[in-house]
Amino acid sequence: MISHYMTRRRCAAKVPAWLGGVLAAALLASPALAAEYLLGSQDKLTIRVVEWQTVEGAFRDWSSVSGDYTVGPTGNLSLPFVGETAAAGKTTAEIAETIGKTLQEKFGLPDRPEASVEVAQFRPFYISGDIQTPGQYAYAPDLTVLKAISIAGGLRRAADAGARIERDVIAARGSYDVLTDEQLRLLVTKARIEAELAGKAEVVAPEDIASNPLVPAMIADETAIMTARQKKVSLRLAALDNLKKLLQSEIESLGQKSETQKRQVELAKKELSGIGSLAQKGLVVNTRVLSTERSIAEMEGKILDLETAALRAKQDISKAEQDAIDLRNDTESELAVERQKVVAELNAVTLKARMQKGLISEAVGLAPAAVTAAGGEQSMSYVLVRNEGGKAKQVTAAEDTPVLPGDVVKVQRVDATVR
């Protein structure tokens, strides 16, 4: 556990006198620098939450909240029950107070829980320039520029500098070319998705890349994807539409059969009415009356069957219409998710390409071998690139200048007077 920048902040709940004395001593023992350290992305924290319950006269350990956490890339800290909390730019004391206050308000507690927030691992620092091994390194308290150079393997040897710079340029240019090609493809893919969402029949390249000779082939590939998807959806919609037409024809046919049956029932009832009076006079046997009544009942049963079949067909039509609506909604949803994914990948690739371009510029600008060949002396130039208030600020440094977590240390050789 790193304790140099550790800060404990207890919330203002009622606690026993002996506990208050212990907390006061802990606060006084904390270094003054701890209250000044501002958290940032990649900082790892150890959080412990306890609650003094006045009524019971006992402690309650919030084990579900206590644990190790990392400040996310957005600068937020995510804790159970507390939720997303802005951590970047705040001290551990402020985070501790926020946790206690949020838990008290959320659960309506009479006593505010007390949070202890400690920096378990600081976010890394970065070092670049004329050194043996540039890159990202774990931060340690009391780090200075000279210590950072030592961690990175020391200054680059002049004999190897020229070859190393050349290799760096070749590697950076290769990575940059790959990233720019991927960036171009993602831009074309994004244009295709937007065209599909807008219901357009063709994909149009964005103006800023339309002149690129590689774009037409990419547009053709994306157009083929869009056409295949649209054809698939159109065929499914056409199949559902044909099903609806068949069901509608079936309903009409069932309706005609039902009308025919109803007319037959009416004729049978007239016939029954005529022979009924004859049966009473003994001119017609009763079996004919019973046969006619049986025929009427059978025809009425068929009418009910026809009406039931028509109702089922109408339900199938409604289902087919809902399936068509779901198909369109699912297609739009898939396109929206795909667009979101492409935009995220595009942003990541753009940042990486920008970084590689910066590395190329830096590598080309370094020429220590030329100074050595001229018989001149070399001195070192140190610059710290530090994020303050969301903006990058460059600070001229010396070997004993303190380095903070998240800093970028830039080391360069500077030509001196030729002897």
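## Salt bridges in a predicted model

Arg-60 is partly exposed, with 37% of relative accessible area. In this predicted model, the residue is joined by a salt bridge to Glu-51, with the closest N and O atoms 3.6 Å apart, and Glu-51 counts as buried because its relative accessibility is 3%, where the cut-off for buried is under 20%.

A search of the whole structure finds 17 salt bridges, and three of them are set out here.

| Salt bridge | N to O distance | Relative accessible area |
|---|---|---|
| Glu-51 and Arg-60 | 3.6 Å | Glu-51 3%, Arg-60 37% |
| Glu-338 and Arg-192 | 3.0 Å | Glu-338 24%, Arg-192 3% |
| Lys-244 and Glu-321 | 3.9 Å | Lys-244 25%, Glu-321 37% |

The salt bridge between Glu-338 and Arg-192 links distant parts of the chain, as Glu-338 lies in helix H6 (residues 286–365) and Arg-192 in helix H4 (residues 158–197), 146 residues apart. Glu-338 is partly exposed, whereas Arg-192 is buried.

Lys-244 and Glu-321 also form a salt bridge, and this pair connects helix H5 (residues 215–280), which holds Lys-244, with helix H6, which holds Glu-321, across 77 residues. Lys-244 is partly exposed, and Glu-321 is partly exposed. Through shared partners, salt bridges join Arg-192, Glu-196, Glu-222, Arg-229, Glu-334 and Glu-338 into one network.

On confidence, the protein averages a pLDDT of 80, and 81% of the residues score at least 70. The pLDDT stays under 50 over residues 1–35, for which the model has 65 contacts beyond four places in sequence, and under 50 over residues 367–377, with 21 such contacts. Where pLDDT is low, the predicted coordinates should not be read in detail.

Methods. Residues are numbered from 1 along each chain as its sequence is written. This is a predicted model: local features need pLDDT of at least 70, side-chain atom pairs count only at pLDDT 80 or more; totals for chains, interfaces and linings use all residues. Side-chain values use heavy atoms; hydrogens and water are left out. pLDDT is the predictor's confidence in each residue, from 0 to 100. Contact means heavy atoms within 4.5 Å. A salt bridge is a side-chain nitrogen of Lys or Arg within 4 Å of a carboxyl oxygen of Asp or Glu. Buried means under 20% relative accessible area, exposed over 50%, partly exposed in between (1.4 Å probe, protein chains only). Helices (H or I, at least four residues) and strands (E, at least two) are DSSP runs, numbered from the N terminus.
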